[in-house]
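User: I have a structure to go through for class. Can you take some questions on it?
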Amino acid sequence: MIIKNSTLLIATFFSLSILSSCSDDDVTPQAGEFTLEFDSRAGDANLQLNTANTLYSNAKGQTFNVTLFQYYISNIKLKREDGTYFEDPMSTDGSKGFYLIKESEPGSEEIVLTDVPAGKYTEVTFTIGVDGNQINQGAQTGALDPANQMFWSWNSGWIFVAFEGTSPQSTETGSALVYHTGGYKSDPANANLVNNLRTKTLSFGETAEVEKGREAVGHILFDVARLFASPNQIDFSSNAARHSPASCQTVADNYVNAFTFDHLHND
Amino acid sequence: MQGGVLPFLKIMVVVNFTMMLLFACSREEEVTRPFGFSQPDDFPPATYNFSSNPVTEEGFELGRALFYDVRLSSDNTVSCGSCHVPEVSFADPIHRFSVGVGNQSGTRNAPALTNLAFRNFFMWDGGVNQLDFVPINAIESPVEMNIPLKNLVRKLNRLPDYPEKFGIVFGKDSIDSQQLLKALAQFQVMMVSSNAVYDQYREGKAVLTGAEMEGLTLFKQKCSGCHAGELFTDNYFHNNGLDAAFDNDSGRARITEFPGDAGKFLVPGLRNVALTAPYMHDGRFKTLMEVLDHYASGVKESTTLDPVLKQDDTIGIPLKDDEKDKIIAFLKTLTDRSFVGDLKFSDPN
């Protein structure tokens with residue numbers, strides 16, 4: 001009798017779970033993934049690190065090469081057709097929602113957003129860099145670990161965009177170019193702090209459909225030549241080693257214009 | 001037959017319970033124990049975010065071991081404790097500019113480490129605004145401990161003693177910089193000095209001498225504009241007239257890049273100040289009397305000189321010699337023998 005009851009219970013349980021999973025599949029499409037691929041260019045060419053010659057040139061025609069290029073992306077939001085947003089969750093300890101894109105590590109250039117609710121998406125918005133007030137959350141891990149060497153210990157905060165290279169026009173040791181842009185945390189008593197945090201919104205130009213089993217990949221380009229182009233033409237012959245918020249403000253004003261949306265894969 | 005099954009079941013139940021108890025006990029041994037941070041009544045509320053880094057006894061002891069470990073430097077010669085000595089409230093008792101690896105020295109005086117849990121700014125220029133991030137400067141500075149954080153984390157993971165200790169405190173498979181910085185913070189955040197003669201006087205447990213009392217009154221009249229409250233600092237940046245030009249060290253302006261901040265430095269708290277010589281960001285004054293002589297007759301004018309040092313067309317703070325003596329007598333009542341002698345902060349080795 002007892003055995004029979006148990007069998008019945010188990011059978012009922014199984015049927016219920018099958019029923020419920022079926023109904024999920026049929027009625028509501030399940031959450032899926034959205035991938036953002038960041039690809040660095042120099043003008044029309046794919047960016048190559050450590051080239052022997054200074055192949056690339058800035059708006060002033062000064063040539064340069066690139067030895068290091070990396071930046072943080074955070075606060076990613078995907079806009080739906082109806083105007084609402086999916087926001088990529090960010091953890092207080094830096095382990096989620098902050099991404100360090102490194103030209104030297106191709107795997108880091110792909111951000112896979114998971115648990116994106118099924119739906120139709122039209123644009124992406126992100127912050128270039130890391131809000132320095134994240135410091136208040138205490139020691140960080142993951143992408144924000146200061147051991148990643150994208151951190152200013154002397155002015156605690158993250159380097160948002162790090163560019164290093166060489167140019168014959170640079171008067172620095174080794175003809176170096178060093179543009180480390182970053183560093184912002186608010187101080188209510190001081191309105192003079194330079195804020196280099198920039199937000200970028202890129203429209204897909206079409207609709208991306210997200211649901212489980214479908215692929216949605218947005219391909220974003222960053223043109224390093226534009227770091228030095230517009231609205232501020234950066235002259236490599238003057239102060240080519242910049243490591244502070246104020247000295248790099250012109251670069252921050254430029255790099256927000258260096259991102260473009262190239263194309264969408266949606267199969 | 002039935003009589004045989006029941007006792008068997010009973011035994012099983014007992015065995016099960018015993019196993020659960022044993023299991024619970026062994027787990028409990030691994031769980032870390034909370035370690036009391038107590039908020040002194042008269043102090044401003046702690047600014048440190050304890051919820052992101054709760055202090056445990058094991059975490060504190062780990063931070064203590066790290067603080068005094070010379071292996072945190074590139075050539076195993078310099079620890080945090082080399083320049084921050086507990087007997088003098090974690091200041092450097094000997095050097096104007098502390099000595100790092102290879103006998104190198106920097107450009108600023110090692111400050112006392114006291115009541116760090118109540119601060120919004122660290123370093124003389126306030127470049128660091130959260131305690132966890134403070135040690136990175138000394139660890140990575142080429143003239144102090146000279147080891148990139150990344151390399152130090154790798155080194156700690158390979159040392160025989162640390163991986164297990166970190167595992168007990170943080171429960172992770174390997175050490176990362178977050179755990180290192182949190183452990184160091186757990187040690188430093190406990191450095192609370194609130195039992196000086198002055199505190200005992202306020203609690204009615206001690207009496208100040210006539211000179212000390214007069215010094216207290218003078219101090220409140222003449223010094224508390226910047227050295228405010230029970231921590232004796234307003235936690236902000238002021239130019240106290242040490243120099244007329246700031247090419248050597250622009251102070252707060254190094255962080256804000258704002259010319260109006262040139263020559264401003266973080267006002268230090270004065271607890272245990274009689275022990276923390278030399279004084280000022282560059283350690284230029286050897287004694288408290290030299291400090292008061294500066295305020296009385298050495299203040300240099302500049303565009304960023306603090307307005308409190310320039311009242312009624314008078315530069316500096318008018319102080320007679322006997323007033324200086326009395327203020328120094330008062331400042332000595334801020335010495336907290338129970339803090340500087342507390343063995344829980346001493347080198348464990």
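User: What kind of model is it?
Analyst: This is a predicted model.

User: Okay, what is the secondary structure of chain A?
Analyst: Chain A has 2 helices and 15 strands.

User: And how much of chain A is buried?
Analyst: Chain A has 267 residues, and 36% of them are buried. As for its contacts between residues at least 6 apart in sequence, 76% join residues at least 24 apart.

User: How many residues of chain B are in contact with chain A?
Analyst: On the chain B side there are 25 residues, in contact with 25 residues of chain A.

User: Which elements of chain B give two or more residues to that side?
Analyst: They are helices H4 (135-140), H5 (149-158), H7 (177-188) and H10 (253-256) of chain B. H7(B) gives the most, with 4 residues.

User: How do the residues on that side of chain B divide?
Analyst: They divide into 9 nonpolar, 10 polar and 6 charged.

User: Switching topic: at what angle do H11 and H12 of chain B cross?
Analyst: Roughly 130°, and their axes come within 10 Å. H11(B) is therefore oblique to H12(B). The crossing is right-handed.

User: Which residues meet there?
Analyst: From H11(B), Leu288(B), Met289(B), Leu292(B) and Ala296(B); from H12(B), Lys324(B), Ile327(B), Ile328(B) and Leu331(B).

User: How many of those are nonpolar and how many charged?
Analyst: The contact of H11(B) with H12(B) has 7 nonpolar residues, 1 charged and no polar.

Note on methods. Residues numbered from 1 in each chain as written. Chains lettered and ligands numbered in written order. Predicted model: local features only at pLDDT ≥ 70, side-chain atom pairs only at ≥ 80, totals over all residues. Contact = placed C-beta atoms within 7 Å. Nonpolar A, V, L, I, M, F, W, Y, C, P; charged D, E, K, R; others polar. Axes fitted to C-alpha atoms, helices over the stretch in contact; angles between N-to-C directions. Parallel < 35°, antiparallel > 145°, perpendicular 65-115°, else oblique. Left-handed = near helix turned anticlockwise from the far one by under 90°. Buried ≥ 20, exposed ≤ 12 C-beta atoms within 10 Å, placed from the backbone.
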